[in-house]
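Reader: I have a structure open and would like to learn how to read it. Where should I start?

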Amino acid sequence: MLAQLAQVTYESSIDGGAAVGILIVYAVISIAFLAFYIWTLLQILKPSDAAWQASGQNKGLWIGLWIFGLFCGFGLIIALIYLFAIRPKVQAAEGGGYAA
């Protein structure tokens, strides 16, 4: 009985080439998301503190939310909220854009 258990092999329904392909696609998507998160952080850090104050927003809050989102899985949602709702206001206060 023990000899029969030792001879059991794992059979996968996905061959090795397909598994590597899936892994590569996953890695590319993960790197793209990480690059987007880092780009968003740079966009948060870019405006001056005076522009943040003039727009009525808090730079420290958005950096904290960015960190929270990165580690808790809400990074994409927080980044999109910042980019579409907060960033135009800060840019308008800095004189580089318009507020919607």
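Predicted model: local features only at pLDDT ≥ 70, side-chain atom pairs only at ≥ 80, totals over all residues.

Reader: At roughly what angle do the axes of α2 and α4 cross, and how should I read it?

Author: Angles over 145 degrees count as roughly antiparallel. The axes of α2 and α4 cross at roughly 170° and come within 10 Å. The two helices, α2 and α4, are therefore roughly antiparallel to each other.

Reader: What is the arrangement of α4 and α5?

Author: The same cut-off applies: over 145 degrees is roughly antiparallel. The axes of helix α4 (residues 59-72) and helix α5 (residues 75-94) cross at roughly 150° and come within 7 Å. Therefore α4 and α5 are roughly antiparallel to each other.

Reader: Which residues in α4 and α5 meet?

Author: From α4 there are Trp62, Leu65, Trp66, Phe68, Gly69 and Leu70, and from α5 there are Gly75, Ile78, Ile81, Tyr82 and Ile86. By class, the contact of α4 with α5 divides into nine nonpolar, two polar and no charged residues.

Reader: How many helices and strands does the chain have?

Author: The secondary structure comes to five helices and zero strands. Along the sequence the pattern reads α-α-α-α-α.

Reader: What can be said of the chain's contacts and its surface?

Author: Take the contacts with a separation of 6 or more: residues 24 or more positions apart account for 56% of them. As for the surface, the chain exposes about 7,200 Å², and carbon and sulfur atoms supply 70% of that area. Of the 100 residues, 21% count as buried.

Reader: Where is glutamine 43 found, and what does glutamine 43 touch?

Author: Glutamine 43 is found in helix α2. Not counting residues up to four places away in sequence, glutamine 43 touches Tyr82 and Arg87. Glutamine 43 counts as buried because its relative accessibility is 11%, under the 20% cut-off.

Reader: Is lysine 59 buried or exposed?

Author: Lysine 59 is buried, with a relative accessible area of 17%. Lysine 59 is found in helix α4. Apart from residues up to four places away in sequence, lysine 59 touches Ile44, Leu45, Pro47, Asp49 and Trp52. The C-alpha atoms of lysine 59 and aspartate 49 are separated by 7.4 Å, with the two residues ten apart along the chain.

Reader: Where does serine 48 lie?

Author: Serine 48 lies in the loop between α2 and α3 (49-55). Serine 48 is partly exposed, with a relative accessible area of 35%. Eleven residues along the chain separate serine 48 from lysine 59, and their C-alpha atoms are separated by 9.3 Å.

Reader: How is a pair of aromatic rings described?

Author: A pair of aromatic rings is described by the distance of the centres and the angle of the planes. Planes under 30 degrees apart count as stacked. In this chain the count comes to six aromatic pairs. One of them is the stacked pair of phenylalanine 33 and tyrosine 37, with 6.3 Å centre to centre and 20° between the planes. Both residues lie in helix α2 (residues 16-45), four residues apart, about one turn of the helix. Phenylalanine 33 is partly exposed at 35% relative accessible area, whereas tyrosine 37 counts as buried at 15% relative accessibility.

Reader: Why is the pair of phenylalanine 68 and phenylalanine 74 stacked?

Author: The ring centres of phenylalanine 68 and phenylalanine 74 are 6.2 Å apart and the planes are at 15°, so the pair is stacked. Phenylalanine 68 counts as partly exposed at 42% relative accessibility, and phenylalanine 74 is partly exposed with a relative accessible area of 42%.

Reader: Which residues form one aromatic cluster?

Author: Phe33, Phe36, Tyr37 and Trp39 form one aromatic cluster.

Technical notes:
Residues numbered from 1 in each chain as written. Heavy atoms only, no water. Axes fitted to C-alpha atoms, helices over the stretch in contact; angles between N-to-C directions. Parallel < 35°, antiparallel > 145°, perpendicular 65-115°, else oblique. Contact = heavy atoms within 4.5 Å. Nonpolar A, V, L, I, M, F, W, Y, C, P; charged D, E, K, R; others polar. Buried < 20%, exposed > 50% of the residue type's maximum accessible area, 1.4 Å probe, protein only. Areas by Shrake-Rupley, 256 points an atom, 1.4 Å probe, with all protein chains shown as cover. Phe/Tyr/Trp six-rings, centres within 6.5 Å; stacked < 30°, edge-to-face > 60°.
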